[in-house]
Amino acid sequence: MSCKYQSNALDIPLEVEQLPTITEHSPASLIAFPFEESFPMKCEATGNPGPEFRWTKNGEDFDPYQDPRLITLDDSGTFIIPNNGNLTEFQGNYRCFATNKLGTAMSEEIEFIVPNVPKFPKEITEPIEVMEGQSVILECNPPKGIPPLQIYWMTMSLQHIEQDERVSMGLNGNLYFSNAIKTDSRRDYCCFAAFPRIRTIVQKNAMSVVVKSTNSLLERKPSLLTPTGKESHTYLVKGEDLQLECIAEGFPTPEVEWVKIGFHKLPERAVVESHGKLLTVEMVNEEDEGKYMCRAKNPHGEVVHYFYVTVEDVPTSNRKVLKDGTISIHNAKPENSAVYQCEATNRHGTILANLVLYSENDPVGLWLHRSKADSADAVEGERFSVHKNGSLEIQNLMKEDMGEYSCFAQNTEGKVAIAATLEVKDPTRIVDPPRDLRVLAGTTIQFSCQAEFDPSIGDDFEILWEKDGMSYLISVFAGVCRYMLDDGVLEIIDVSFGDQGFYVCVARTPVDQDMAVAQLSVVDVPDPPEDVIHSEHNGRSVKLQWIPGDDHNSSITEFVIEFEESQHEPGSWKEMMRVPGNHHSAQLKLHSHVDYRFRVYAINEVGRGRPSQATERYKTPASELNAISFDLLFPVNLLSSFYKVSYRRQGNGEDWKEHMVKRHSFLVKNTPTFVLYEIKIQAKNHMGWGPDPKIITAYSGEDFPSAAPEDVAVDVMNNTMMQVKWAHVHKDKLNGHLGGYRISYWRLRSLLDSKKTHGDKHTLTFSGERNHAVVTGLRPFSEYSLIVMAFNSRGNGPGSHPVSFKTPEGVAAFSVTSIQKHKVTLTWSPPVDANGVIIGYILQYQLINDTEEQGSLMSLNISADSNKLHLQYLEALSKYKFYLRCCTQMGCGPAVSEERTTVPEARNFLSLAGLASIHGGISNQGWFIGLMCAIALLTLIVLIACFVNRNKGGKYSVKEKEDLHPDLESPGINDDTFCEYSDNDEKPLKSSQHSLNGDLKGGDSGDSMVDYGDEDAHFHEDGSFIGEYSGRKDRVSMEIKGNNQSTA
């Protein structure tokens, strides 16, 4: 595809020089579809001399001839991008320039687009659970791609979801249910997004909807699911299609109707589709601008939304003589010939216009203007322009432009003249438009509309009023009933809700008209709620439900629930509780043995509405919770005929209440919950009253705790354990003695499965006043939910808000054993919960000696039936880190790791450095190296001292022979001395002398050279020292072995 320019100019001989002109180029968007073999970036131009071509990419010079991957054409600016798999490197914005000595022409900007394959993100969607009658929105959120985009809602078996007045798809691709019914329950709602230009269809994960049945289906007035708010603004380019959408929820299903404010009907080209929810106007123009309204209504009320539609032009080339955006050339000369290009841009796009200007001296027409002053002047100025055909155009017409206009034209054939008279009237203009009003019902309002018009029009001016596009209503009722018209003022007496709507003031003359729109909104207190019922009776608990009445254009802020009981104050209504305005039900906690009735009223910013009808009565059962029960616990004279039982609440100063009974127990009813009472019991028989009794104290019965623990938080400690924390329930809400807290938790699902299932509930009890607990035995890689509740002797209180948490994946038990010089043995066992079928393991390891540089990470794949591996070819005396991962079909879990250090090069090569390396590789530490240097230096100094002393004793030659055949009984052998003189000066430094000669034969040195030499070295031909040093070597071997075992 390419863009070609056509020219109606005369053919120019080849010897005549021509300015360069772009004749063909690629479209503004060039899309690289994957099934195309190549993509030509076209640029052709004419000119004399022949033009030279150059390109820019993203504003910088780009030479296609320098890239061997591109195909270029001779004598052309076109180059071809082959589809060789590297297209993304060529993405960008290109522009072509054609140049010769006369000038340069440029093409429009060309965007080369390499589309990605659109994909829905991978996500786990939770099942949507709603009550029957509630609205549902299934979001599609299609991925971005090359338009056009087509969206379909189907099942997994590719059956289309049926759409009607209740169920419809929006312009954004979402599927809307105005109210859900039982048959909407299904697990395979799928959104399909089709991109036909790239021949691709993608599917979103299936979504599940569960509609729960209810015995009382609540009807309600409509509200809009889309769009949101009261009004919105839409901007279109002339020629585009207008689409306005209103989708409402409510029960019964709302009906949608459309109105264009100020007009009796919708535009002729307007089409209402999608069961009344979509208004379409194809190829809009300026006449389609204005204010549109959609109204959704059902028997319970209505809701409206207003659309302000603005139609704009695309940017156009302006060749008129204007102040801005125009090149004016006065006294043009041949050297002014050139290609002039204007690029205009607004938010709707960009246009590039070419103008080839040749300087010539063609004759033109002359316009003269004769005003009232009877003087004729040539027409000139920025507001005046003469078209090619000689027509005169005047912009921003003014009063002084009135008069007679004459056009004179001549050529070699003669002269001609025409005249025309222009009359300019003042425009009709509303200077004081009506304003939006929001008033209380029953008041009197006035809309004022004052306009200016040309005085010469006289009595042909009139002001008309329309309501919701219908003018006859006001004209019929004006002066009658409640409507009054007087000099541009519309007065409405005793405003009612039927007067709501849009009022249009039209100021009209035979020449033109102007109009203004104002909205009248009537507000009042809410209507009474309807269908108030109580259900879910559970002793002292019931659920109260209702349908809100009309809020009369003022949102309901809260509902107030009142009760009346028939025993103590019949007919007296008292407030029980308040709920937010968006709640249409409440759970009521009641007292025992009371006969209740309920009613509800609503409150908005205007005030309190009338109460609803009272419900049927509900009597709560009697309960021993509200009683004090006690027996006689002291000796009683069997001849007693009756007892006087006295009781009162402690601490509030009330009088004793007394009852005479004959039995040995008494029940006090209707007491508050868990309140301390004072009690005394006095016996009486025919002899008279017994002694004054002692006062005892007792609490009235406990009730369930009335509050749940707050601030519940979960800290997952590992894949099977978590800690729970909560805030204490206040003692006033315990309604008894605190027994402790209970934690109930249940598994929602495995994280490998998006489907949620409510698993078995587990409950743990923790006695006493505590605010935390540890829960064990969880399953790895799972999602759980839990609640916390307080309990007393009566039972559990309400549960806290559920808290969800996830456990991490299970890991294998992993250990490193049998550490040797160049190999180690690794053992493991499968995780407790594998979260699937184990298909193998991945082992990784690397060298991590205590330096900044680490060795490369090596990987091994291990079969699922293995639990041991001998890893060889490791470096001696080096620290390694090993990682093990367990894998299923879904992927590999987290790694468990271990660090170990291999043993030195020789097992019998014992040194301080070697031992240090075995225990963590400290031989590489600076402090250890310094310590070893200091020891070596000290040893050297001692040896030098010994050498000097030996030289002093060298004059005794007989001693040298003795040293060659040492006496086993000599004290230098038996004593643990090192480089010391004996008491006899004739036996100096035996051990030191032989140490220097390399033939050490003494057993007193702790740092024996045997440790560094050959294991088979003999010190004397009789083997006297072999046994001693053999024992020493055995001890060293045992030390090394012990160290190896501890490291493992």
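This is a predicted model: local features need pLDDT of at least 70, side-chain atom pairs count only at pLDDT 80 or more; totals for chains, interfaces and linings use all residues.
Leaving aside its neighbours within four places in sequence, which residues is isoleucine 81 in contact with?

Let us first place the residue. Isoleucine 81 lies in strand S9, which covers residues 79-82. Once neighbours within four places in sequence are set aside, the contacts of isoleucine 81 are Ser38, Phe39, Met41, Leu70, Leu87, Phe90 and Phe112. Leucine 70 and isoleucine 81 are 11 residues apart along the chain, and 5.4 Å separates their C-alpha atoms.

Is isoleucine 81 buried or exposed? Its relative accessible area is 0%. Because buried means under 20% relative accessible area, isoleucine 81 counts as buried.

Looking at one pair in detail, S14 is joined to strand S17, residues 175-177, by three bridges in the antiparallel sense. Within that pairing, isoleucine 137 has tyrosine 176 in S17 as its bridge partner.

Next, another open sheet of three strands. Here the order is S23-S27-S26, again with antiparallel pairing. Why is one side of strand S23 and of strand S26 left without a neighbour in the sheet? Strand S23 (242-245) and strand S26 (270-273) stand at the edges, and each has a single partner strand, so one side of each has no neighbour in the sheet. From one strand to the next, the twist averages 20°. Strand S27 comprises residues 278-281, and four bridges link it to S23 in the antiparallel sense. In this pair, leucine 242 is found opposite valine 281 of S27.

Strand S43, residues 483-486, and strand S44, residues 489-492, are paired in the antiparallel sense over four bridges. How many residues lie between S43 and S44? There are two, and one of the residues in the turn, aspartate 487, has a positive phi of about 50°.

To close, I return to the opening residue: isoleucine 81 is buried, and Phe39, Leu87 and Phe112 are among its contacts. Thank you for your attention.

Methods. Residues are numbered from 1 along each chain as its sequence is written. Side-chain values use heavy atoms; hydrogens and water are left out. Two strands pair if DSSP finds at least two bridges between them. Buried means under 20% relative accessible area, exposed over 50%, partly exposed in between (1.4 Å probe, protein chains only). Contact means heavy atoms within 4.5 Å. Axes are lines fitted to C-alpha atoms, for helices over the stretch in contact, and angles run from 0 to 180 degrees between N-to-C directions.
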